[in-house]
Amino acid sequence: MDAREMHEKVQKLKEQIIFNNFEKTESVDKFFSENYLQILDILDDALYAYLHK
């Protein structure tokens with residue numbers, strides 16, 4: 001999944017969670033379990049950039 005696809009998926013999952021009164025759904029669990037390494041890489045890069053401004 002490229003960054004654009006992941007961004008679109010994340011937006012849809014956020015809408016779904018808001019619609020479900022902030023309850024985590026099965027699709028959210030599935031997304032995180034299938035993409036956890038890529039998500040951690042993105043967080044790592046973002047935190048590194050933030051800390052080294």
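This is a predicted model: local features need pLDDT of at least 70, side-chain atom pairs count only at pLDDT 80 or more; totals for chains, interfaces and linings use all residues.
The bend at a residue is the angle between two axes, one fitted to the seven residues that end there and the other to the seven that start there.

**Exercise 1. The kink**

Find where helix H2 is kinked, and by about how much.

*Solution.* Start with the extent of the helix: H2 covers residues 26-51.

**Exercise 2. The buried side of H2**

List the buried residues of H2, and name a helix that helps cover them.

*Solution.* Apply the cut-off first: a residue is buried when its relative accessible area is under 20%. In H2 this gives Val28, Phe31, Asn35 and Ile39. Then turn to the cover, which includes helix H1 (3-19).

**Exercise 3. Salt bridges**

Work out how many salt bridges the model has, and describe each pair.

*Solution.* The test is a side-chain nitrogen of Lys or Arg within 4 Å of a carboxyl oxygen of Asp or Glu. The count is 2.

- Lysine 24 pairs with aspartate 29, with 3.2 Å between the closest N and O atoms. Lysine 24 counts as exposed because its relative accessibility is 60%, while aspartate 29, at 40%, counts as partly exposed.
- Lysine 30 pairs with glutamate 34, and here the closest N and O atoms are 3.9 Å apart. Both residues are exposed. They sit in helix H2, 4 residues apart, or about one turn of the helix. An α-helix has 3.6 residues a turn, so residues three or four places apart point the same way.

Terms used
Residues are numbered from 1 along each chain as its sequence is written. Side-chain values use heavy atoms; hydrogens and water are left out. Helices (H or I, at least four residues) and strands (E, at least two) are DSSP runs, numbered from the N terminus. Buried means under 20% relative accessible area, exposed over 50%, partly exposed in between (1.4 Å probe, protein chains only). Contact means heavy atoms within 4.5 Å.
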